[in-house]
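Here is a short briefing for a reader new to this structure. Please look over the sequence and the model first.

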Amino acid sequence: MTYDNRTEQRLINEIMELLVTHHGGGMSEHELDLGIDSLQRAIRIASESHAGVLRKSGEPYFFHPLRVAHMAARHWMDFASVNAAIMHDVVEDTPVTLGEVAKDFGDEVALLVNGLTKVADENLSREALKAETYRKQLLAAIEDIRVLSLKFWDRIDNLQTIGALKPEKQNLIAEETRSVYVPLASHLGMGHVASELDALSLNILYPRRATTYARAVTELRQRLEAPLRKIRSEINKEFEHHKVPVLLKDRWRQFSIAAAQGMNRGFPTLYTLEIQVDRTMEAYLALGLLHGLYPPIPGKLRDHLNVTSQFGYQALKTTVQAGEHRMRVEITTRKLARFNEAGVLAPGFEFRRANFEGLMRSLLEGESAFDTESLRLASASIQVYTPLGDIRSLPEGSSALDLAFDIHEELGLHAYRARINGQTRHLKSRLMDGDQVGIERSDTPQVLPKWLEWAATPRARNSIRRYLRSRVKDGSSSVS
């Protein structure tokens, strides 16, 4: 990439065009003028503040916040978010204060900038500072989820331009990304973002494996270019015949541990054809047309159009035999495709804010400064049903005990046993996606120390610890 005025102006023009396209229709002319004016001021202040400063790679520093803002604008973020992206390093690295940001751009932008600013304290160790920065980001995200979204774009750009740092520093950043930001992105429904963060991190941690994988995918793409073109043509022809508008997208799997392990199985594990239609009913019609065109592989059909999969996507998933090629296919609507890509940022995305806030507060209340293991567990979820048919989302690996505490702390403390799909089961029984679960309760609390081994969620574990501590204190008081 070149770092000249022409490139800078191109990025600025594209940011402006994306914001107007995504948000201009819902704003009055006056509001749009104010938004454009605020964006121009943010660009001027950030450009002047970072003037003459170079990153370790040698590029002018201002290109970094511009690229972050460009990613934010591409993913439907609004004027305030993009302004914060442009200004996100100004408070941390220049004399500009948070108060000045609030005065010039309002409290909304100041909150976002503050959430992205690292904690500074000479009395704290590096690990303590990192933990406090996480806590600060999560507390800000509870108030405004856009803080984390902006942090993802910031981290993606840093990983893409990390080459000038020492290898040890690169590895630390990559490992932190995988333990903290990948599961956070998954929890927000931003599956594509999580995959990109993970792939970029693994490229740093395992460069030779990543190179081998990239070479294998490139060779496979070249070899199958003509057969795939023929398959796409046949699908387009069939859908046109039935007057179903369709968009076909090739998706080659990004580098990951699982992808590298499955690389020897070839095409079916590395490629997915994504079929996008306009409406949900057309997705089921598309499935019928596809299975009429190519025989489906038994046992490979998954329906996650209406209930999100544990990996966060909403689509019909099938595998077909297209001539000599066995091929994975995902069928979704254009709206759900936006959800699959951008999650909480996509217009109309149904975000369970209470679940997110509960998880974040539980992580912050844990025994460690920041509970990364519980965060990782929460990034993949399952859906279970209560006896009345209500859906509850829980982290993969949760037990019936976790469900009891998820419903209410009092139910968890008084839980006695569970009924899973009509069968009496122990509270430590692990739940599967789609289970229907009832909790039987006793008149008095039944909490035991070994419950900490049965519980997987931060909420349940924190409640159990609090109850056990209170029993110890009560016992001490009665002795004295």
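The notes below go from the whole fold to single residues.

This is a predicted model, in which local features need pLDDT of at least 70, side-chain atom pairs count only at pLDDT 80 or more, and totals for chains, interfaces and linings use all residues. Residues are numbered from 1 along each chain as its sequence is written, and side-chain values use heavy atoms, with hydrogens and water left out.

**Overall build**

- The protein has 23 helices and 10 strands. Both are DSSP runs numbered from the N terminus: helices are H or I with at least four residues, strands are E with at least two.
- Its C-alpha atoms fill a box of roughly 75 × 65 × 50 Å along the principal axes.
- Of the 480 residues, 48% are buried. Buried means under 20% relative accessible area, exposed means over 50%, and partly exposed lies in between (1.4 Å probe, protein chains only).

**A positive surface patch**

- Lys56, Lys118, Arg126, Lys166 and Lys169 form a patch of positive charge on the surface.
- Patch residues have over 30% relative accessible area and no salt bridge, and like charges are joined within 9 Å. A salt bridge puts a side-chain nitrogen of Lys or Arg within 4 Å of a carboxyl oxygen of Asp or Glu.
- Lys and Arg count as positive. The charge is placed at NZ of Lys or CZ of Arg.
- Lys56 sits in the loop between helix 2 (29-49) and helix 3 (63-74). Lys56 counts as exposed because its relative accessibility is 70%.

**Glu143**

- Glu143 belongs to helix 8 (residues 126-143). With a relative accessible area of 61%, Glu143 is exposed.
- Glu143 and Leu111 are 32 residues apart along the chain, and 8.9 Å separates their C-alpha atoms.

- Trp76 is not a glycine, yet it has a positive phi of about 65 degrees. Its place is the loop between helix 3 and helix 4 (79-87). Trp76 is buried, because its relative accessible area is 18%.
- Asn421 also has a positive phi, near 55 degrees. Asn421 is in the loop between strand 8 (415-420) and strand 9 (423-425). At 48% relative accessibility, Asn421 is partly exposed.

Definitions and conventions. Patches are made of residues with over 30% relative accessible area and no salt bridge: like charges are joined within 9 Å, nonpolar side chains (Val, Leu, Ile, Met, Phe, Trp, Tyr) within 5 Å. Accessible areas come from the Shrake-Rupley method with a 1.4 Å probe; for residues, only the protein chains shown count as cover.
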